[in-house]
Amino acid sequence: MCGKRFNKPQYKVLIYKPHPQYIADLIAEGKLHKKENIAFLKKAKIKKGVERLLPDLHDEAFEKVNCLDCGNCCRSISPRFKTPDIKRISKFLGIKESDLIQQYLRLDNDGDYVVKNSPCPFLNFDNTCEIYDARPGDCANYPYTDSGDFFKYPNTTAENTLVCPAVNVVMEKLRSVKL
Ligand code: SF4
Ligand code: SF4
């Protein structure tokens with residue numbers, strides 16, 4: 001593999017697979033319930049044991065939502081490319097770390113490497129990831145629906161309801177839980 005294969009045309013955003021209706025509907029849910037979601041997540045942050053609800057809800061969400069129908073995270077936000085990610089990905093692609101950085105990454109305000117532009121240059125038109133086996137840790141962990149971070153960072157989780165349909169499946173169930 002070499003960097004060349006990722007020189008995709010700038011108009012690629014126009015030819016990504018459109019979202020099926022169920023994905024669009026679930027993302028719309030996030031906008032509709034944004035205030036309730038933030039209120040719930042802030043309460044849940046200080047509630048002991050609430051994270052025990054997550055594994056089942058995570059499984060349920062990803063039975064309903066197929067990432068290959070979506071790709072929304074890869075189209076609209078960037079993972080951080082930490083040093084071990086950069087090492088692993090450049091090895092996977094067979095290119096120098098400096099070339100990976102120079103060609104695809106920039107430093108954000110927090111000093112983390114992120115993609116220069118969204119959609120992510122490694123996202124294929126069919127929503128698969130060109131570097132799946134070497135993808136950044138952030139990509140593997142997103143959307144944190146099976147992690148304590150889901151409640152630890154309520155504002156981030158609330159932002160993710162605007163991006164990720166699976167988060168909205170989880171939030172829909174959680175909103176009916178009495179805290
Ligand atoms: S590296 Fe792969 S999984 Fe991560 S944002 Fe890019 S396309 Fe998506
Ligand atoms: S993790 Fe969420 S936003 Fe990303 S592709 Fe899967 S369903 Fe879509």
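Helices and strands are DSSP runs, numbered from the N terminus. In this predicted model, P119 sits in the loop between β2 (113–115) and α7 (137–141). The peptide bond leading from S118 into P119 is cis, with omega near -5°. The loop between β2 and α7 also holds N127. N127 is not a glycine, yet its phi is positive, near 75°. N127 counts as partly exposed because it has 18 C-beta neighbours inside 10 Å.

P143 belongs to the loop between α7 and α8. Y144 is found in the loop between α7 and α8 as well. Its phi is positive, about 65°, although Y144 is not a glycine. Y144 is buried, with 21 other C-beta atoms within 10 Å.

Two ligand shells were examined. Around ligand 1 lie C74, P79, C120, F122, L123, C129, I131, R135, P136 and C139. This shell divides into nine nonpolar residues, no polar and one charged. The residues around ligand 2 include C67, C70, C73 and C164, along with Y142 and P143. Helices α4 (72–76) and α10 each give two or more residues to the shell around ligand 2. That shell has 10 nonpolar residues, two polar and no charged.

Helix α2 covers residues 34–45. At 1.5 Å a residue, its 12 residues should span 16 Å, and its end C-alpha atoms are 16 Å apart, which agrees. Its buried residues are N37, F40 and L41. Seen down the axis of α2, they fall within an arc of 95°, so they line one face of the helix. They pack against α8 (149–152), α9 (154–160) and α10 (165–174).

Methods: Residues are numbered from 1 along each chain as its sequence is written. Chains are lettered from A and ligands numbered from 1 in the order in which they are written. This is a predicted model: local features need pLDDT of at least 70, side-chain atom pairs count only at pLDDT 80 or more; totals for chains, interfaces and linings use all residues. Helices (H or I, at least four residues) and strands (E, at least two) are DSSP runs, numbered from the N terminus. The expected span of a helix is 1.5 Å times one less than its number of residues. A residue is buried if 20 or more other C-beta atoms lie within 10 Å of its own, exposed if 12 or fewer, and partly exposed in between; C-beta atoms are placed from the backbone. The arc is that of the directions from the helix axis to the C-beta atoms. Two residues are in contact if their C-beta atoms, placed from the backbone, lie within 7 Å. A residue is near a molecule or strand if its C-beta atom, placed from the backbone, lies within 6 Å of it. Ala, Val, Leu, Ile, Met, Phe, Trp, Tyr, Cys and Pro count as nonpolar, Asp, Glu, Lys and Arg as charged, and the others, Gly among them, as polar.
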